[in-house]
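This report covers helix packing and a few single residues. The sequence and structure come first.

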Amino acid sequence: MLIGEVARRSGVSARMLRHYESLGLVRPSGRTGSGYREYSGQDIRRIFHIESLRSLGLSLREIGRALDDPGFTPSALVDDLIRQTRERIAAETELLTRLRRIDAADPTGWEDVLQTIALLQALGSKSADARQRAALSSVDEVPVPVEALVEAALNETEPNVAGALRWALARSGDGGPALLAEGLGSPVAAVRERAVQSLAEMPGGEATVRLREALAHPDVVVRGYAALALGTRGVADAVPTLIDMIVEGRNDTDAADALSVLASDTATADQIATGLVDRLAHDTHDAAEAPARGRLTQALAGIPGTTATRALVELSHDEDRAVALTATYLLRLRDAR
């Protein structure tokens with residue numbers, strides 16, 4: 001079969017077939033009387049083998065080695081191809097993400113594009129100072145897409161930079177709460193914590209909705225941050241979690257402060273006081289429970305109303321002397337007001 005017919009049947013151009021021949025990949029089995037290349041069936045099969053291996057991303061040099069080396073084992077080469085392909089996909093995905101973020105910044109000219117690129121690069125800098133400057137400047141200079149700010153906030157370990165990123169996120173507009181809520185599902189505890197901390201500083205109703213949902217999160221740290229944030233927003237749904245925090249001694253002082261903020265009206269104050277009293281009643285007087293009972297008693301100090309006062313009067317006669325003394329002291333403070 002002559003080269004033109006081979007090219008037609010194989011889909012490989014005559015020029016490429018000559019290139020294969022120059023590299024020694026394919027050698028026509030014979031020549032016609034006029035000197036034209038003549039390919040045998042075996043030659044054509046080799047051409048198809050070459051094209052098949054090219055489709056996997058092998059170089060022509062690697063293909064020649066694969067076809068001509070009897071001791072060649074494909075496993076190592078295939079593993080290397082898998083690695084290279086993954087690296088290429090990762091690089092292309094990173095480029096696509098960068099392009100999308102630049103597009104989201106809605107640049108009006110190349111100057112805006114270049115400034116956005118500079119800010120995105122600064123957010124990924126190894127220098128904490130550079131990351132912090134980028135976070136702070138993202139509000140007043142070229143807006144950085146909220147997706148980039150969320151990614152940076154979830155991965156930031158330097159406290160000062162993390163604070164700057166949360167500040168920038170709080171001023172970034174829509175989209176942040178939903179993306180941060182996705183971070184709550186991370187398998188990494190530190191990422192979940194950074195996500196809920198950022199949510200806690202986000203204004204608006206959507207952030208509040210996401211924080212309410214976080215009250216049911218299996219991570220106690222996430223639940224705690226959500227409850228504290230909701231307490232400052234006046235959301236009574238946080239009360240049970242805040243009381244749990246007091247019992248368990250997790251940020252119990254902050255939890256008690258949040259309860260006192262929530263107790264701004266009589267109905268809520270009585271609900272909180274009842275919740276604290278119920279936990280006191282269910283806890284035993286064992287030595288192991290004494291600290292929790294003490295913290296619950298102290299928390300009643302910030303709760304106004306008759307329900308809390310009656311509870312303190314009863315506790316002033318408690319069998320646990322420390323609890324009784326604390327309740328007595330708190331009653332004196334209430335009488336002095």
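## Basis

This is a predicted model, in which local features need pLDDT of at least 70, side-chain atom pairs count only at pLDDT 80 or more, and totals for chains, interfaces and linings use all residues. Residues are numbered from 1 along each chain as its sequence is written, and side-chain values use heavy atoms, with hydrogens and water left out.

Helices (H or I, at least four residues) are DSSP runs, numbered from the N terminus.

## Helix H10 and its surroundings

Helix H10 spans residues 176-183, and its buried residues are Gly176, Pro177, Leu180, Ala181 and Gly183. Viewed down the axis of H10, these residues fall within an arc of 145°, so they line one face of the helix. Buried means under 20% relative accessible area, exposed over 50%, and partly exposed in between (1.4 Å probe, protein chains only). The arc is that of the directions from the helix axis to the C-beta atoms.

The buried residues of H10 pack against helices H8 (146-155), H9 (159-170), H11 (189-200) and H12 (205-214). Contact here means heavy atoms within 4.5 Å.

Two packed helices are described by the angle between their axes and the distance between the axes. Axes are lines fitted to C-alpha atoms, for helices over the stretch in contact, and angles run from 0 to 180 degrees between N-to-C directions. H10 and H11 pack at about 155° with their axes 8 Å apart, and are therefore roughly antiparallel. Angles under 35 degrees count as roughly parallel, over 145 as roughly antiparallel, 65 to 115 as roughly perpendicular and the rest as oblique. The crossing of H10 and H11 is left-handed; a crossing is left-handed if the near helix is turned anticlockwise from the far one by less than a right angle, and right-handed if clockwise. Pro177, Leu180, Ala181 and Gly183 of H10 meet Val191, Arg192, Ala195, Ser198 and Leu199 of H11. By class, the residues of this contact are six nonpolar, two polar and one charged. Ala, Val, Leu, Ile, Met, Phe, Trp, Tyr, Cys and Pro count as nonpolar, Asp, Glu, Lys and Arg as charged, and the others, Gly among them, as polar.

The axes of H8 and H10 come within 10 Å and cross at roughly 35°, in a right-handed crossing. On the H8 side the contact is made by Val146, Glu147, Val150 and Leu154, and on the H10 side by Gly176, Leu179, Leu180 and Gly183. The contact of H8 with H10 has five nonpolar, two polar and one charged residues.

## H11 against H12

The axes of H11 and H12 come within 9 Å and cross at roughly 140°; the two helices are therefore oblique to each other. Their crossing is left-handed. Val196, Leu199 and Ala200 in H11 meet Ala207, Arg210 and Leu211 in H12, a contact of five nonpolar, no polar and one charged residues.

In helix H15 (residues 252-262), Ala255, Ala256, Ala258, Leu259 and Leu262 are buried. They cover an arc of only 160° around the axis, which puts them on the same side of H15. Their cover includes helices H13 (220-232), H14 (239-248), H16 (266-282) and H17 (290-299).

Asn251 is found in the loop between H14 and H15. At 43% relative accessibility, Asn251 counts as partly exposed. Its phi is near 50°, a positive value in a residue other than glycine. Most residues other than glycine have a negative phi.

## Arg133

Arg133 lies in helix H7 (residues 128-140) and counts as exposed, at 55% relative accessibility. The C-alpha atoms of Arg133 and Val161 are separated by 8.6 Å, with the two residues 28 apart along the chain.
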